[in-house]
Amino acid sequence: MASIKVKLTESILKNIPLEITKINDTEISGFYLNVGRPNKEGKRSQVYYLYYRLGGRGSRERRLALGSSSVITVSEARQLAKQYIGDVSRGIDVFLQNKKAALIEKQESASPTIAVLANEFIERDIKANRKDVDPVIRMFDKDILPFIGNYKLKEITRREIFEKVLDPITDRGAKTQANKTLSILKQMFNFGVERDLIQGNPISTVKKKSVGGLEKSRTRALEFEEVIQVFERLPKLGISQQVIYALKCITLTGCRPIEVTGAQWQEFDFDKMIWTIPAERVKQNKNGERTHKVPITQNMVILLDELRAAFGYLNSKYVFPSTTTNKSGPGEQPIDRHSLSRSISRKQEQLGVPKFVPHDLRRTVSTRLGDDDIGTDPIVIEKILNHQLQGVQGVYNMQEYMEKRRRALVMWEHKLTNATSYSSKVT
């Protein structure tokens, strides 16, 4: 087998003797054509190459394939060779550069879909680091995956995310939900970047003001008369017993809706009259270990007795058992905390008070405990709400104020009971 040195032209390529396997171009040093052996049809492969060294004698040799003669012409291969020689003269290793580009192209061609990324994100991040994963899963199932789940990660654009996901949520009036969706999508794409599934986050610079708008902190606390009116009207509006009981439990204890709806019977100690919410169900910093102890008052005992009598037939471990069978059997799951807000929203006009959400009842407890007729110490209120004390108090004050918390909640309960026929009875 032999090589020759001649200027590469189209006519030369058409008449290459069988013994010739390499043709070195006379005009560009290192530019050559490699000729293969004949195949079964008698055809021979012809591939252009560029040989170069990145440095002087003894430096690493490179042989960069420029393309097959069946794909590019001689003049196109020559132009590529000149371009790469210029790059090499500036210290660029075009062989490695092209290799990286080919790897990126391969990754993109095998790019998974958003649905694949979402599933991995939920399994390895959300379920591993969040206590309440259901809202995130619902977000993906309702507003994200049906509209962009089949898109490949390499194809999705910021514009499409706005048009197919974020704008429709905003347009239906759910501006806060649109911002929450933006936040979870940012987290998902960042996760994809870390996992080398996508080259960059397409919405990394998008701000809430461009989606649902800047959000104001809620300040709604019901007046005492509004609390009484709400609980007088709730039983007459066809709202389920579990929802009414859960709303009353929030109002009696100041606990968060999710802490109430997820309550389990094993958490209640009726000898010590304490409800202990375990750390895994308490809102706190990641990896927090702070449980929340809630004094059980007389109305709470009545409420719990009535719940047990109403739903004991389910033999559920949950205080507020779900009676539906969408995902599991009756009693196997607690009621969805969002069912509280949905029930209030549907009956808002009939309740006859300005708009509020279940969490506002918690703020109401905090506010009303500070009224002059009860006058609870702010630190005791913070303990009732299970807030961590700030500053020096948070570091040095380890007092639980349990008896003061109990007295405050009992006074609040008596105020409710004495105002009207307010009691735990809902039917």
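Over how many bridges do β6 and strand β7 pair, and in which sense, parallel or antiparallel? The two strands, of which β7 covers residues 274-277, pair in the antiparallel sense over 2 bridges, where two strands are said to pair if DSSP finds at least two bridges between them.

The structure is a predicted model, in which local features need pLDDT of at least 70 and side-chain atom pairs count only at pLDDT 80 or more, while totals for chains, interfaces and linings use all residues. Residues are numbered from 1 along each chain as its sequence is written, and side-chain values use heavy atoms, with hydrogens and water left out.

**The chain as a whole**

The chain holds 17 helices and 8 strands; helices (H or I, at least four residues) and strands (E, at least two) are DSSP runs, numbered from the N terminus. Of its 427 residues, 42% count as buried, where buried means under 20% relative accessible area, exposed means over 50%, and partly exposed lies in between (1.4 Å probe, protein chains only). Among contacts between residues at least 6 apart in sequence, 57% join residues at least 24 apart, a contact being heavy atoms within 4.5 Å.

**The sheet of β6, β7 and β8**

Strands of a sheet pair through backbone hydrogen bonds, either parallel or antiparallel. Here, 3 strands form an open sheet in the order β6-β7-β8, and the pairing is antiparallel. Because β6 (268-269) and β8 (292-295) stand at the edges with a single partner strand each, one side of each is left without a neighbour in the sheet. Phe-268 has Trp-275 in β7 as its bridge partner. Helix α17 (residues 402-419) packs on this sheet, touching β7 and β8, and its direction makes about 45 degrees with that of β8.

Most residues other than glycine have a negative phi. Met-273, in the loop between β6 and β7, has a positive phi near 55 degrees, and Met-273 counts as partly exposed because its relative accessibility is 23%. Tyr-401, in the loop between α16 (391-396) and α17, also has a positive phi, near 55 degrees, but Tyr-401 is buried, with a relative accessible area of 18%.

Strand β3 pairs with β2 and with β4, as the table sets out.

The hairpin of β2 and β3 has 6 residues between the strands, and in it Gly-30 takes a positive phi near 90 degrees. β3 and β4 form a hairpin with 5 residues between them, and Gly-42 in the turn has a positive phi of about 85 degrees.

**Two pairs of packed helices**

Two packed helices are described by the angle between their axes and the distance between the axes. Axes are lines fitted to C-alpha atoms, for helices over the stretch in contact, and angles run from 0 to 180 degrees between N-to-C directions.

Helix α6 (residues 158-171) and helix α7 (residues 175-194) pack at an angle of about 150 degrees, with their axes 7 Å apart. α6 is therefore roughly antiparallel to α7, since angles under 35 degrees count as roughly parallel, over 145 as roughly antiparallel, 65 to 115 as roughly perpendicular and the rest as oblique. The contact includes Ile-161, Val-165 and Ile-169 of α6 and Ala-178, Leu-182 and Phe-189 of α7. Its residues divide into 8 nonpolar, 3 polar and 1 charged, where Ala, Val, Leu, Ile, Met, Phe, Trp, Tyr, Cys and Pro count as nonpolar, Asp, Glu, Lys and Arg as charged, and the others, Gly among them, as polar.

The axes of helix α9 (residues 241-253) and helix α12 (residues 338-346) come within 10 Å and cross at roughly 100 degrees, which means that α9 is roughly perpendicular to α12. Val-243, Ala-246, Leu-247 and Ile-250 in α9 meet Ser-339, Leu-340, Ser-343 and Ile-344 in α12. By class, this contact of α9 with α12 has 6 nonpolar, 2 polar and no charged residues.

**A buried arginine in a loop**

Arg-220 has its place in the loop between α7 and α8 (224-233), and Arg-220 counts as buried because its relative accessibility is 15%. A polar atom of its side chain lies 2.9 Å from the backbone oxygen of Pro-354, and the side chain of Arg-220 reaches the backbone oxygen of Lys-355 at 3.0 Å. Not counting residues up to four places away in sequence, Arg-220 touches several residues, among them Glu-226, Val-353, Phe-356, Asp-360 and Arg-363.

Methods. Polar contact = N/O pair within 3.5 Å; in protein donor to acceptor, adjacent residues only side chain to side chain.
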